[in-house]
Structure formats: C-alpha cells, structure tokens
Amino acid sequence: MANTIEPGVMATYARADEVFVDGAGAVVRTADGREFLDFLSGIAVSALGHNHPRLTAALHDQLDKVVHLSNLFRHQHTESVATRLCQHTGMAAAFFTNSGAESVECAIKIARKAMQVRGSAHRTSFVALEGAFHGRSMGALSLTHNEAHRAPFAPLLEVHWVAPNDVGALQSTIRERQPAALFLEPIQGEGGVRELSREFLQAARAICTETDTLLVHDEIQSGCGRTGSFLAAQHHEVTPDLVTLAKSIGAGLPMGACLASDAYKDTLQTGEHGTTFGGGPLVCRAASVFLDELDNGLQEQVIARGEQLHAGLQMLKNEFTIVKEVRGRGLMLGLQLDRPAQEVQQALHKKGLLITCTKGDVLRIVPPFVITEEQVADGLQRLREALAAFSPLPAK
Ligand SMILES: Cc1ncc(COP(=O)(O)O)c(C=O)c1O
C-alpha cells in the first residue's frame with residue numbers, strides 16, 4: 001500500500017496502487033484491464049454495484065434537467081425520497097445530508113435541542129458503545145470509540161462508554177449520567193461486524209423511554225436493506241427516536257439522512273440547521289432508483305445472497321482453524337481470524353478480490369446488493385484458496 005498515485009492528495013488513507021477506471025455490477029476494472037470482484041462496495045456504499053443501467057440512465061436524464069437547486073426550493077425527488085424513507089423506517093421526517101458524519105451531527109443537534117425544549121438543558125452529554133464508529137467530524141468523532149482516531153483532536157464532546165450487550169452497565173450509566181442521547185449501531189461495522197443482541201437493543205429502547213433519553217440508531221452501514229430488512233433493528237422490532245443513514249442510500253452518490261420520529265420531527269426549527277447540497281435533485285434521483293430496485297426484488301436478492309454467503313463462510317470456519325467466527329447478517333458479514341486480517345486481505349487482493357478488514361482481525365464482507373450467485377460462489381472459492389495458503393493442514 002502506498003500513496004503513489006495522487007501526491008497532491010492528503011495522505012489520510014493508505015491507497016492501493018491500482019488505478020480503477022470502470023466497472024459493471026460487482027466487478028471493477030483497472031486501467032490496465034485487470035478485473036476485481038467487489039466484496040467491498042466502496043466501503044458498503046455501492047449497493048447497485050457499478051454502472052447499473054437504470055441508475056445510469058436516470059442520472060443522465062437528471063443531468064439534462066436540473067442538478068442543484070438548494071434547500072430554498074422544493075423538488076419532486078427530494079420529497080418522494082423523504083416520504084419513502086419514512087415509510088420504510090416508521091419515522092416521520094428526514095433531514096438530508098451528504099455523508100454519514102453529517103447525519104450523525106444532525107442527530108446530535110436534535111438531541112441537544114430536544115433537551116433544551118423540555119427544560120433539561122443540563123443534559124448535554126451522550127452515551128455510546130465501546131467499539132462504536134460514528135464518523136470523523138468533531139461531534140461524530142466524539143461518539144467514535146477508537147482512541148487513535150480521537151486523541152489528536154481533544155477536547156471532544158462528553159461521552160460515557162458502555163460495553164456492547166452489557167444491559168446492566170447501560171441502564172446504570174444512563175440513569176446516573178442523564179445523557180441527551182444514546183447512540184448505537186445495531187451491528188457495529190468498523191467495530192468488527194459485531195451484532196448487538198436483541199435483549200440489549202430492547203433494553204436500550206426501554207431505558208431511553210424511562211429516562212427521556214433520545215435513542216439514536218446509526219444505520220449508516222447496516223441500513224437501507226443491507227442486512228435483509230430495511231433497518232437492522234427491524235429484525236428485533238425496535239424503533240428508535242432518530243435513525244441516521246448514508247452509504248447505500250445514494251447508490252454511490254454522496255448522500256445521507258437523519259430521520260426523526262413524530263416526537264422529534266419539528267425539534268429543529270427554520271434556520272437551526274442546514275446544508276447547501278444535502279438532498280439535491282441528482283442524489284435524490286439516485287436514491288429514488290435505489291429504493292425502486294430495493295422494492296422490486298432486490299431486497300429478496302440480498303436475503304438470498306446473504307444466506308448463500310453465510311453458509312459458505314460457515315463452511316470455511318469448519319474447514320480452517322484460523323477462522324474463529326462468522327458474524328453479521330445479510331450482506332454485512334465478517335470473518336474473524338486468529339491473526340491480522342490484513343495478511344489475508346492482501347493475499348485476496350492479489351487474487352483479484354476487493355475486501356477490507358476491521359478491528360484488526362476481521363475480514364469484512366459487504367458486496368453490492370446486485371452480486372450474483374456465481375459471483376458469491378467465486379468469491380468464496382477465492383477466500384477458500386487464500387485461507388488454505390495460511391493454514392495448509394486441514395485441521396478439523
Ligand atoms: C456506522 C457508521 N456511522 C458513520 C459513518 C461515517 O460515515 P461517513 O464516512 O460517510 O461520514 C460510518 C462510516 O463508515 C459508519 O460505518
């Protein structure tokens with residue numbers, strides 16, 4: 001990994017050396033014609049894969065109409081996407097953003113303002129979970145647990161940390177600290193594809209209701225159908241007060257949303273929050289196509305491909321002792337290894353499979369929703385070969 005391609009770009013990422021130029025479905029291609037199978041989706045973003053014909057046609061059409069208007073004016077796609085997101089989530093209103101971090105910032109501001117409105121302005125702190133990742137802007141970073149991400153930027157907002165799935169610790173922390181809001185990811189993405197238990201999610205809902213604490217579900221990575229239901233928390237029948245979305249919703253275009261339940265849909269008044277670009281016609285047209293696809297069979301495909309992938313990963317776990325655990329749901333899966341996952345990730349890269357690691361020892365598998373049955377089988381085979389190279393003797 002070296003930042004050799006664009007020396008003028010800040011070195012905040014370790015970039016791979018390949019220069020990618022195009023793609024189709026779950027395959028991307030380099031300038032010199034090499035093809036990579038995509039188990040990464042640009043970090044859980046490209047739900048419709050690459051060069052999706054209906055998305056491309058709709059975007060061309062939109063380019064011929066209008067690209068930007070600002071939020072001073074109404075637009076058909078902005079309003080219809082807001083309505084559809086609310087229908088899918090049980091929320092009542094959307095604030096559109098350009099990224100995940102901005103969706104989280106909006107949720108932070110709604111929580112702070114809600115406390116002021118109800119005469120609890122002293123409730124300014126937050127509770128979040130160990131392993132959480134909510135973004136890199138100052139508010140979102142405050143809720144992000146990784147000390148290496150946080151330390152250079154102190155001081156941050158006051159956040160109290162609770163271990164995932166520790167119901168007792170969550171209840172006592174919220175009762176004692178009286179935060180404005182609890183933020184959680186129903187499935188922690190950067191935290192190693194770690195699922196919160198049904199019991200914990202339901203207990204979080206109950207304690208937040210009891211203490212008038214806002215419950216914010218960050219479904220930026222797990223949402224928009226990736227886990228087999230529109231929101232991951234819907235598997236557990238838990239409804240938060242606010243939901244943050246981004247990644248898949250724009251099918252590759254920069255878009256996010258903070259959705260508020262009926263009780264909080266009017267908390268931010270005119271002029272109290274804003275964005276120049278958020279919710280513009282072009283990105284909402286993309287979201288509109290994405291939602292059409294999801295509603296017209298793609299959600300079922302996610303479920304089917306997720307089951308295929310999960311079963312294949314379980315077989316790899318049975319076969320190789322270096323695989324410790326299979327985690328996640330739908331097309332948000334993780335393979336925990338007994339070693340730094342980067343070693344295997346680099347071997348897979350050489351085999352033409354794009355994949356990322358999280359939490360040091362987890363290979364994260366988040367392919368486009370449009371990945372085919374054959375491509376899943378192909379990816380599993382490449383994984384198998386890479387794992388075999390690291391553990392030559394069949395162990396079980
Ligand atoms: C759960 C979660 N929240 C927030 C973010 C931040 O999103 P963005 O990078 O678009 O600001 C991410 C990004 O990985 C995420 O996975």
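This is a short chat about a predicted model of a protein chain.

Me: Before we start, what kind of model is this?
Reply: A predicted one, where local features need pLDDT of at least 70 and side-chain atom pairs count only at pLDDT 80 or more, while totals for chains, interfaces and linings use all residues. Residues are numbered from 1 along each chain as its sequence is written, and side-chain values use heavy atoms, with hydrogens and water left out.

Me: Thanks! How many helices and strands are there in the chain?
Reply: The chain has eleven helices and 17 strands. Both are DSSP runs numbered from the N terminus, with at least four residues (H or I) for a helix and at least two (E) for a strand.

Me: And what does the chain span along its principal axes?
Reply: The C-alpha trace spans about 65 × 55 × 45 Å. The radius of gyration is 21 Å, which agrees with the value near 21 Å for a compact globule of 396 residues. That radius is taken over C-alpha atoms, and the globule rule is 2.2 Å times the number of residues to the power 0.38.

Me: How much of the chain counts as buried?
Reply: Of the 396 residues, 53% are buried. Buried means under 20% relative accessible area, exposed means over 50%, and partly exposed is in between (1.4 Å probe, protein chains only).

Me: Let's zoom in on strand 10. Is it mostly covered or uncovered?
Reply: Strand 10, residues 214-218, is mostly covered, with five of its five residues buried.

Me: Which way do its residues point?
Reply: Leu214, Val216 and Asp218 point one way from strand 10, while Leu215 and His217 point the other way. In a regular strand, side chains alternate between the two faces of the sheet.

Me: Which strands pair with strand 10?
Reply: Strand 7 (residues 181-184) pairs with strand 10 in the parallel sense over four bridges, and Ala181 stands opposite Leu214. Strand 11 (residues 242-245) also pairs with strand 10 in the parallel sense, over three bridges, and there Thr244 stands opposite Asp218. To count as a pair, two strands need at least two bridges found by DSSP.

Me: New topic: how many salt bridges are there in the whole structure?
Reply: A search finds 25. A salt bridge here is a side-chain nitrogen of Lys or Arg within 4 Å of a carboxyl oxygen of Asp or Glu.

Me: Nice, what does Glu18 form a salt bridge with?
Reply: Glu18 pairs with Arg34, and their closest N and O atoms are 3.7 Å apart. Glu18 lies in the segment before strand 1 (20-24) and Arg34 in the loop between strand 2 (27-30) and strand 3 (35-38), so the pair ties together parts that are 16 residues apart in sequence.

Me: Are those two buried or exposed?
Reply: Glu18 counts as buried at 16% relative accessibility, whereas Arg34 is partly exposed at 40%. Glu18, Asp32 and Arg34 are also linked in a network of salt bridges.

Me: What about Lys65, which residue does it form a salt bridge with?
Reply: Lys65 pairs with Asp61, with the closest N and O atoms 2.8 Å apart. Lys65 is exposed at 57% relative accessible area, and Asp61 is partly exposed at 27%.
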